[in-house]
Amino acid sequence: MAKITLDNLAHSYLPSPKGEDDFALKELNHDWADGEAYALLGASGCGKSTLLNIISGLLHPSQGRILFDDVDVTHASTADRNIAQVFQFPVVYDTMTVRDNLAFPLKNRGARPQYIADRVQQIAQMIGMEAELGKRARGLTADAKQKISLGRGMVREDVNALLFDEPLTVIDPHMKWELRTQLKSLHHEFGHTMIYVTHDQTEALTFADKVVVMYDGRVVQIGTPQELFERPEHTFVGYFIGSPGMNVIPAAIDGQMANIHGATVALPQAYDALDGKVEIGVRPEFVTLTEGEGLPVKVRRVEDVGRHKIVRADLFGSEINIVAGEDTSISPDMTRVTFDPAHVNVYVNDWRRAGKAA
Amino acid sequence: MEKTVNQKAWFLVLPVLVLVAFSAVIPLMTVVNYSVQDTFGNNQFFWTGLEWFEEMLRDDRMWDALGRQLMFSGIILLIQIPLGVFIALNMPKSGFWVSFCLVVMSLPLLIPWNVVGTIWQIFGRVDIGLLGHTLAAIGVDYNYTSDPFAAWVTIIVMDVWHWTSLVALLAYAGLKSIPDAYYQAAKIDQASRWAVFRYIELPKMMGVLMIAILLRFMDSFMIYTEPFVVTGGGPGSTTTMLSIDLVKMALGQFDLGPAAAFSIMYFLTILLISWVFYTVMTNLEKREG
Amino acid sequence: MTLELRNVSKVVGGQTHIFPTDLTLNKGTMNVLLGPTLSGKTSFMRLMAGLDKPTTGQIFWQGQDVTGMRVQDRQVAMVYQQFINYPTMTVYDNIASPMRLLGKSRAEIDASVRKAADLMQLSPLLDRKPLELSGGQQQRCALARALVKDAGLVLLDEPLANLDYKLREELRVEIPKIFEEAGSIFVYATTEPEEALLLGGSTAALFEGRVTQFGPTPTVYRQPVDATTARVFSDPPMNFLRVSKTGSKIMFGDGQSAPAMGPMEGLADGRYLAGFRPNHVEITSHANGAMAFDTKLVVTELTGSETFVHLDHHGERWVGLVHGVHDLELGAALKVYLDPRHVYIFGEGGELVAPASYALAA
């Protein structure tokens, strides 16, 4: 278990990078607490796998340092950093049994046979594979193999961090559920520092204590799932988290009111004059369809998703999504929307701006 | 996945069938014919049944040749397979040198076989051959025409030089298909280089290696041109392999009957061993699931 | 334009991949094949396309028997999970290829290609090769190629499964649009119930080679004919509980009972299986008449605005999806509430005997 510090860290795959665009990972300065579960969330190509590989030592950063518990490990080898990594597709030693697979890292370090046997038994119990210890790894299902990968990572007691690179990609949808829950339980029981890379918001939000949202090589926001949901610091976070994502509407701000093509919306705080691209962001969960008051919209489609309904509408030419409860009936008379003032955020040039309490 | 059955495909195969029948099946039948008959000359044949086969099985000369052949194939495999794998492990996987290495490795395979024999025949000569002359100069008593041991060493080294590349290239292809993540996981597990080889590389190469072993075995068991050009089967009969013996019998002594019987048995032996190999291979694959 | 499957089955090497099925798909409809992996979705599609011949039964297209017809002779277009495009041709050539094979004129081809590219937002990328495009763009190219044929039957086999989560969402919104434009029969295979719900149309729930139910999507969702369909069409999986009916009450165990009202009234006394969806489990407020259950909290998962609660109820695992963010103590006792209106009653054999009354109202 270790605290991980990123000091001025950046990485470019090109030998002589000239501008910011040449960097796959732009400058980062962060402290990640010991024993917490983090998720690196972002679209493909945003730099999350690069960051994970720098942490694990499979890649050396072209700039900056990385420290484990204040010890500089930037140029330390993977083995010396004492981390474990679970890859996208299951990596198991096919010719060995499950028991030998789990014992492998300990054997390589020359641990005592009795210790190895005890530890393997313990880990097998944790991942629920005690019955399969004697079986050959080759014939097992994908999720069993991933569990073995996970077990092999945890078998070393002094492991600093567990890293996961989109580990549920090859798992059947109905098994994904079980594995996710198991990871969560394991984290609660043993308190390892865990870092989980994914592009799936559900996986990220359900797994992590804190989610690191990445976009274009930059960390855009770090926060609890609730913070990311209620106060996205960047329009990308608003868009990426939540299904459907946050509605972003261009507006003119005047004091504590936002003006959208003549219609007004109340804001939770007051603002001075703002420069640049000004927008308000409000999640579909906080938009209500009404018959009388609010901004005029034209409902184009209603999608029944079972536990709620998604209404896709048109507001002054741009798309707006509304989430309505399962039992709400959508009548053709509902031609207006209101926003919950407490959950309207103001964005200037894509970054959230806090106002003054009125 | 089932493909829709289309009988028309058989028409495409027909020309090939005709060709194979003409060039292989019918001549083979001729051999079978000879093997069960004898002649007093003047094209008069009479049936002898399995007499030739029995005589062959009692023939010491044939058993000696078989023994030499097995030893030869055995040594070849023992050298070429590990050597080929070793070379493959050390060939670069990416970058500029890859193409260069691949070309260099392929060169020995492209040389016509009798030219290979000729090269080594001259190379090993004590008077004008580079190898022979150098060895004599440093005092090694090397003469492949009179010393059986030297003859054996020569033809073995020649075969290794000629064919190891095949094993190396096949093993290389097998290695390249291993995803990077396995090596990364091994690094994380602090596996030694030997463990990486034993638990990751070898199992993944197994399928390809099986093919390499099968090919090398078959080819070495049937070997003719190269040793014949270098030693002619000599000195005496110390390097007379099965095929050389067979040719001597058939074309040298014109003993068609025994030669035909010999051929059939030779053919069946190779077929049997290949079939055993194939079964072992597919069983391994089945277990892989 | 109808596609009709009559008593179609598929047996391969002694194993039944598809049990004898009757299915009719009408013109201009979106049909979803929903089921877990290996439930027969791909087998069905291959039969519909003509890539495989059924072991028994016949397939009728517009009234004509096409069972033995080769796939090339049918008007079918198919899109796969792996973005399949011709790697050496440009996007333009890729989209044009089906038309070229049909021998259309250059002008016609050009017009159709541009129209399809426009619809899939590929117009600026027509000169690129597929490998230069992102995953989402490659799949759009494959979709455009399927559309341009104007085929009567368009088959999509989990086309969004290999894409990033957000990309999947975006393309999912576009697919109904192209569907509306095309007017053909669409068949879309997926493992995710949410996709089925978002696409609308009709859904066929599949399980182990059998179509358990086929009908308008909201109906199959709200009124499943049996427990298997209910399980297939639920993510997270539906919770089950053994109950018994005595007189005018249904006993739920734990001393909880509910008056047998509405559809449950007419049931004979006996033992049944009750099913309820995770999103109907409440932990804070509850309606009048809701039953309370004592459970132990195993683990919670927060998704920003909702929480998944994993519960242990006398050894049985339940999942609840509740609103709001609740950071609860693990291992603690938790009371959960369930409104009887949300309960489905299934017979011992799995067949639905009483649908949830809320579903009938909707």
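What percentage of the 289 residues of chain B count as buried? The share is 27%, where a residue is buried if 20 or more other C-beta atoms, placed from the backbone, lie within 10 Å of its own, exposed if 12 or fewer do, and partly exposed in between. The model is predicted: local features need pLDDT of at least 70, side-chain atom pairs count only at pLDDT 80 or more, and totals for chains, interfaces and linings use all residues. Residues are numbered from 1 along each chain as its sequence is written, and chains are lettered from A and ligands numbered from 1 in the order in which they are written.

Chain B contains twelve helices and two strands, which are DSSP runs numbered from the N terminus (helices: H or I, at least four residues; strands: E, at least two). Along the sequence the elements of chain B are arranged as α-β-β-α-α-α-α-α-α-α-α-α-α-α. Taken along the principal axes, the C-alpha atoms of chain B fill a box of roughly 75 × 70 × 30 Å. Two residues are in contact if their C-beta atoms, placed from the backbone, lie within 7 Å. Among the contacts in chain B with a separation of 6 or more, 70% are between residues 24 or more positions apart.

Two packed helices are described by the angle between their axes and the distance between the axes. In chain B, the axes of helix 3 (residues 60-90) and helix 7 (residues 148-176) come within 7 Å and cross at roughly 45°. Axes are lines fitted to C-alpha atoms, for helices over the stretch in contact, and angles run from 0 to 180 degrees between N-to-C directions. Helix 3 of chain B and helix 7 of chain B are therefore oblique to each other; angles under 35 degrees count as roughly parallel, over 145 as roughly antiparallel, 65 to 115 as roughly perpendicular and the rest as oblique. Residues of helix 3 of chain B, including Ile75(B), Gln80(B) and Gly84(B), meet residues of helix 7 of chain B, including Asp159(B), Trp163(B) and Thr164(B). The contact between these helices has 17 nonpolar, three polar and one charged residues. Ala, Val, Leu, Ile, Met, Phe, Trp, Tyr, Cys and Pro count as nonpolar, Asp, Glu, Lys and Arg as charged, and the others, Gly among them, as polar.

Between chains, 20 residues of chain A are in contact with 16 residues of chain B. On the chain A side, two or more residues each come from helix 2 (78-81), strand 6 (83-86) and helix 3 (98-108) of chain A. That side of chain A has eleven nonpolar, five polar and four charged residues.
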